Amino acid sequence: MRKKKTLLFITIMLIGIGVSLWNFGFFNRYNYLTAKSHIADNNPQIVFFGEAILATSDLNKVSKKYGFKIVNFGCIISQSEQNGIEIYNSQINNYLDKLNGIGWKAEYKKEIDSLTKLTNIPKTAF
């Protein structure tokens, strides 16, 4: 009887741990562990999902200067994937803050905004 209770308890704990890990994106492509791996390999990426305003190649021209690469994950993602991406990006942002200093995001956004404005100029203006 005691063995059955212990086995039941262990089974419930393992299922609970598995569900928690799944919820936090550990079984997806981007998660805490892949962020640490990409940082160690000097290959940090910021992952976006949804429709992109600019081409990823244009964004990477600016992001390269700040030591990272932009990756567009796609438009349709699960909640688990979104959780994993948010955790991944959080770790990468912490790394980039140490690499570039705290104010780097404002400067990066200015450069992206000016690139967006240049992209949206009608071709007939030239």
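The largest pocket has a volume of about 450 Å³. A pocket here is an open set of points on a 1 Å grid over the protein atoms alone, where a 1.4 Å probe fits, with protein on both sides within 12 Å along at least five of seven lines. Its volume is the space filled by probe spheres set on the points. This is a predicted model: local features need pLDDT of at least 70, side-chain atom pairs count only at pLDDT 80 or more, and totals for chains, interfaces and linings use all residues. Residues are numbered from 1 along each chain, and side-chain values use heavy atoms, without hydrogens or water.

The lining of the largest pocket (residues with an atom within 4 Å of a point) has 22 residues. Phe48, Leu59, Ile70, Tyr108 and Ile112 lie nearest the centre. α5 (104-119) is among the elements that supply at least two lining residues. The largest share, seven residues, comes from α5. Helices are DSSP runs of H or I, at least four residues, and strands are E runs of at least two.

Next, the core. The largest nonpolar core has 20 residues, and Phe68, Ile92, Leu96 and Tyr108 have the most contacts inside it. Its largest share, five residues, comes from α4. Such a core joins buried (under 20% relative accessible area, 1.4 Å probe, protein chains only) Ala, Val, Leu, Ile, Met, Phe, Trp, Tyr and Cys residues through side-chain atoms within 4.5 Å. Ile92 touches (heavy atoms within 4.5 Å) Ala35, Ile39, Pro44, Gln45 and Ile46, not counting residues up to four places away in sequence.

Asn42 is found in the loop between α2 (32-40) and β1. Phi of Asn42 is near 55°, a positive value in a residue other than glycine.

Definitions and conventions:
Buried < 20%, exposed > 50% of the residue type's maximum accessible area, 1.4 Å probe, protein only.
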